[in-house]
Amino acid sequence: MILNFMWMIFISFGIKGNFVMIKSEKIVSIKNSKNILFVSTNKKLKKDQAKKLDRMAVALWENEKNKSYKKVMSYLDKAIQLDPLYESAFMNRAIVYWRTKNYDLALENFNHAIRLNPNNAKAYLIRAQCNYNLGKKNRAQYDFKKVCELGGYDFKTLMKILEKRKLDS
């Protein structure tokens, strides 16, 4: 449908020459002998691929005994490259950074996930722990309050979770 529309635009503007339509699963482009005139990417395909890569990364992370994260991170990086608005990939990448004690990179990814979904209590919770571990007590306190405001946890439950995580690490 969009290609028919594009052909109508070419005809109505009097664009002349031999046009070649290249169509693949990922990209549709129309070009003449010198220039590419139109390129369309299939957004749904990109979103589906990003979701698949995100699930593969999570499965690999959960099944790895030694938690080697290079392959996991490559899947998540590709997912984000395909769909920069895919919150789950940012969350999972942040969690991997957090688990490997790369708190600054974890914060960066949690911040992005929160920008995409400001109601994500889990992102605030783990971001608070990163801030706390980096000595940013005021920011951690803000995030813990936000978790409670969002209804993620009541304060008592939140303190139990934090105490358990301290014992685990």
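Predicted model: local features only at pLDDT ≥ 70, side-chain atom pairs only at ≥ 80, totals over all residues.
Residues are numbered from 1 along each chain as its sequence is written, and side-chain values use heavy atoms, with hydrogens and water left out.

The protein has eight helices and three strands; these are DSSP runs (H or I of at least four residues for helices, E of at least two for strands), numbered from the N terminus. Read from that end, the order is α-β-β-β-α-α-α-α-α-α-α. Of the 169 residues, 33% are buried, meaning under 20% relative accessible area with a 1.4 Å probe, protein chains only (over 50% is exposed, and in between is partly exposed). The accessible surface is about 11,500 Å², and carbon and sulfur atoms hold 55% of that; the areas come from the Shrake-Rupley method with a 1.4 Å probe.

Now for the packing. Two packed helices are described by the angle between their axes and the distance between the axes. Take helix 6 (residues 121-133) and helix 7 (residues 137-149): their angle is about 160° and their axes are 8 Å apart. The axes are lines fitted to C-alpha atoms over the stretch in contact, with angles from 0 to 180 degrees between N-to-C directions. The pair is therefore roughly antiparallel (over 145 degrees; under 35 is roughly parallel, 65 to 115 roughly perpendicular, the rest oblique). On the helix 6 side, the contact (heavy atoms within 4.5 Å) includes Tyr124, Leu125 and Tyr132, and on the helix 7 side it includes Tyr142, Phe144 and Val147. By class, that contact has nine nonpolar, two polar and five charged residues (nonpolar is Ala, Val, Leu, Ile, Met, Phe, Trp, Tyr, Cys and Pro; charged is Asp, Glu, Lys and Arg; the others, Gly among them, are polar).

Helix 6 also packs with helix 4 (residues 87-99), at about 25° with axes 11 Å apart, which makes the two roughly parallel. Met91, Ile95 and Trp98 of helix 4 meet Lys122, Ala123, Ile126, Gln129 and Cys130 of helix 6. Here the classes come to six nonpolar, one polar and one charged.

Finally, look at Asn117, in the loop between helix 5 (103-116) and helix 6. Asn117 is partly exposed, at 23% relative accessible area. Asn117 and Leu85 are 32 residues apart in sequence, with their C-alpha atoms 9.9 Å apart.
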